[in-house]
Amino acid sequence: MQRSTINDLIADAAEMIARHGFVLPPFANWSPDDFVAQGERARRIIDSGMGWDVTDYGLGTFDETGLVLFTLRNGALADLQRGRGMCYAEKLLITREDQLSPMHTHVMKAEDIINRGGGTLALELFGSDSKGGFAEDRGVQVRCDGIPREIGPGEVLRLAPGESVTLMPGDWHAFWGEGGDVLVGEVSTVNDDVTDNVFRDEIGRFPAVDEDVAPSRLLVSDYATWLPA
């Protein structure tokens, strides 16, 4: 993806988030120079992967297959592994109308997916086989706002603004917006986008970036190369 496109997508996302009455934390507005100036005070943000994230899943077709995310807070894997401490995370996601986030599951993460506003959030759901792999003949049992619901294999669950679904590790899901762009909330156990996303198809999680202009905001995937260790 071109950096100029990423800059524009982040600006558009910030505008949409504000339009829905959600105020982002101050570090959402930090430039690369701001991150450097913060020094070690920004270490938790950097190490936890908090901040902006734009992906086309390595396919080069963002309008058809892509997502903009902002990680607001994220705990530590060490805390999760020992069963106490900061074991949670929170994100905002923007999925555009008919823009697919491809079929995937998580090994570790349980998550509430919440329609925070906009159009309808559509999720296609499948279960796992005995080894945790994608099973086209298995459905899932989920909770929608706390109410149990059986979802058949490949059934599309639609969430109106304010509605949510709880997904557990091994629940395979793809999602997109219907009737407009959707602001999505995600509240989950600790988020690890490097190792905990398992995609059905051979795709990538982070984009290759063509640096045609300077970044206005860093992506979480930029931290390792743009910031001092």
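How many aromatic pairs does the count come to by the ring-pairing rule? The structure is a predicted model, in which local features need pLDDT of at least 70 and side-chain atom pairs count only at pLDDT 80 or more, whereas totals for chains, interfaces and linings use all residues. Residues are numbered from 1 along each chain as its sequence is written, and side-chain values use heavy atoms, with hydrogens and water left out.

The count comes to eight aromatic pairs. Rings of Phe, Tyr and Trp (its six-membered ring) pair if their centres lie within 6.5 Å; planes under 30 degrees apart count as stacked, over 60 as edge-to-face and the rest as tilted. One of the pairs, Phe 27 with Trp 30, is edge-to-face, at 6.3 Å centre to centre and 65 degrees between the planes. Phe 27 is buried at a relative accessible area of 10%, and Trp 30 is buried at 16%; buried means under 20% relative accessible area, exposed over 50% and partly exposed in between (1.4 Å probe, protein chains only). The rings of Phe 27 and Phe 70 have planes at 25 degrees and centres 5.4 Å apart, so this pair is stacked. Because Phe 27 lies in the loop between α1 (3-19) and α2 (32-38) and Phe 70 in strand β2 (residues 67-74), the pair ties together parts that are 43 residues apart in sequence. Helices (H or I, at least four residues) and strands (E, at least two) are DSSP runs, numbered from the N terminus. Phe 27, Trp 30, Phe 35, Trp 52, Phe 70 and Tyr 223 form one aromatic cluster.

Attention now turns to strand β11. This strand (residues 172-189) is mostly covered, with 13 of its 18 residues buried. Two strands pair if DSSP finds at least two bridges between them. Strand β5 (residues 111-128) is joined to β11 by 14 bridges in an antiparallel arrangement, and Ala 122 has Trp 176 in β11 as its bridge partner. β3 also pairs with β11 in the antiparallel sense, over eight bridges; here Ala 89 has Ser 188 as its partner in β11. β4 and β11 run antiparallel and are joined by two bridges, and His 104 stands opposite His 173 in β11.

Gln 99 is found in the loop between β3 (88-95) and β4 (101-106), and is buried at 0% relative accessibility. Its side chain reaches the backbone nitrogen of Arg 96 at 3.0 Å. Leaving aside neighbours within four places in sequence, Gln 99 is in contact (heavy atoms within 4.5 Å) with residues including Phe 62, Ile 94, Phe 175 and Trp 176.

Conventions:
Polar contact = N/O pair within 3.5 Å; in protein donor to acceptor, adjacent residues only side chain to side chain.
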